[in-house]
Amino acid sequence: MTTTDCLFCKIVAGEIPAAKVYETETTLAFRDIGPKAAVHVLVIPKEHHADVVALAAADPALAGEVLAASAAVAKAEGLLDGGFRVIFNTGPYSGQEVFHVHAHVLGGEPLGPMVA
Ligand code: 5GP
Ligand code: ZN
């Protein structure tokens, strides 16, 4: 996977539309196209890294910025009181489908068991 055929790099570049909810110089957050909860936002670094393992190895500071952006999204979406979940699907067992690292921020309703 290169950045030129990466779906989320295309969203960063503005080539594919997305419902953006939060942005910093280095991160972008937008609503998941197939929400799995009342609030389901994806938080990504603008720079392409395949998954959280690659991101943490290449740029730990940027990994921290993705976490900080996830917390800011949770606050902006009103999730702090009810609680929420932050998930990085990673590799085959997780079902990761988009190989541009993204945090799923899920909340806005009771979420049920973590592993169904
Ligand atoms: P993964 O399974 O890789 O952890 O999650 C990928 C997520 O990206 C899925 O929840 C899926 O609904 C979402 N997704 C796939 N294509 C698009 C798209 O074009 N736009 C948006 N906003 N989300 C997408
Ligand atoms: Zn990418």
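This report describes the sheet, the nonpolar core and the ligand surroundings of a predicted model.

The sheet is open and built from five strands in the order β1-β2-β3-β5-β4, with antiparallel pairing. Its edges are formed by β1 (20-23) and β4 (84-87), each of which pairs on one side only, and neighbouring strands are turned against each other by 20° on average, direction ignored. Within this arrangement, β3 and β5 pair in the antiparallel sense over five bridges, and Val41 has Val105 in β5 as its bridge partner. Helix α3 packs on the sheet, where it touches β1, β2, β3, β4 and β5, and its direction makes about 155° with that of β3.

The elements named in this packing have the following residue ranges.

| Element | Residues |
|---|---|
| β2 | 27-31 |
| β3 | 39-45 |
| α3 | 60-76 |
| β5 | 103-107 |

The largest nonpolar core has 23 residues, and those with the most contacts inside it are Ala29, Val41, Leu42, Val43, Ile44, Val73 and Val105. Two or more residues of this core come from each of α1 (7-13), β2, β3, α3 and β5. In soluble globular proteins, nonpolar side chains tend to be buried together. Ala29 illustrates the contacts involved: leaving aside residues up to four places away in sequence, Ala29 touches Lys20, Val21, Tyr22, Glu23, Val41, Leu42, Val43, Ala69 and Val73.

Ligand 1 is surrounded by 14 residues, of which the closest are Ile33, Gly34, Asn89, Glu97 and Val98. By type, the shell around ligand 1 divides into seven nonpolar, four polar and three charged residues.

Conventions: Residues are numbered from 1 along each chain as its sequence is written. Chains are lettered from A and ligands numbered from 1 in the order in which they are written. This is a predicted model: local features need pLDDT of at least 70, side-chain atom pairs count only at pLDDT 80 or more; totals for chains, interfaces and linings use all residues. Two strands pair if DSSP finds at least two bridges between them. Helices (H or I, at least four residues) and strands (E, at least two) are DSSP runs, numbered from the N terminus. Axes are lines fitted to C-alpha atoms, for helices over the stretch in contact, and angles run from 0 to 180 degrees between N-to-C directions. Two residues are in contact if their C-beta atoms, placed from the backbone, lie within 7 Å. A residue is near a molecule or strand if its C-beta atom, placed from the backbone, lies within 6 Å of it. Ala, Val, Leu, Ile, Met, Phe, Trp, Tyr, Cys and Pro count as nonpolar, Asp, Glu, Lys and Arg as charged, and the others, Gly among them, as polar. A nonpolar core is a set of buried Ala, Val, Leu, Ile, Met, Phe, Trp, Tyr and Cys residues joined through C-beta atoms within 7 Å. A residue is buried if 20 or more other C-beta atoms lie within 10 Å of its own, exposed if 12 or fewer, and partly exposed in between; C-beta atoms are placed from the backbone.
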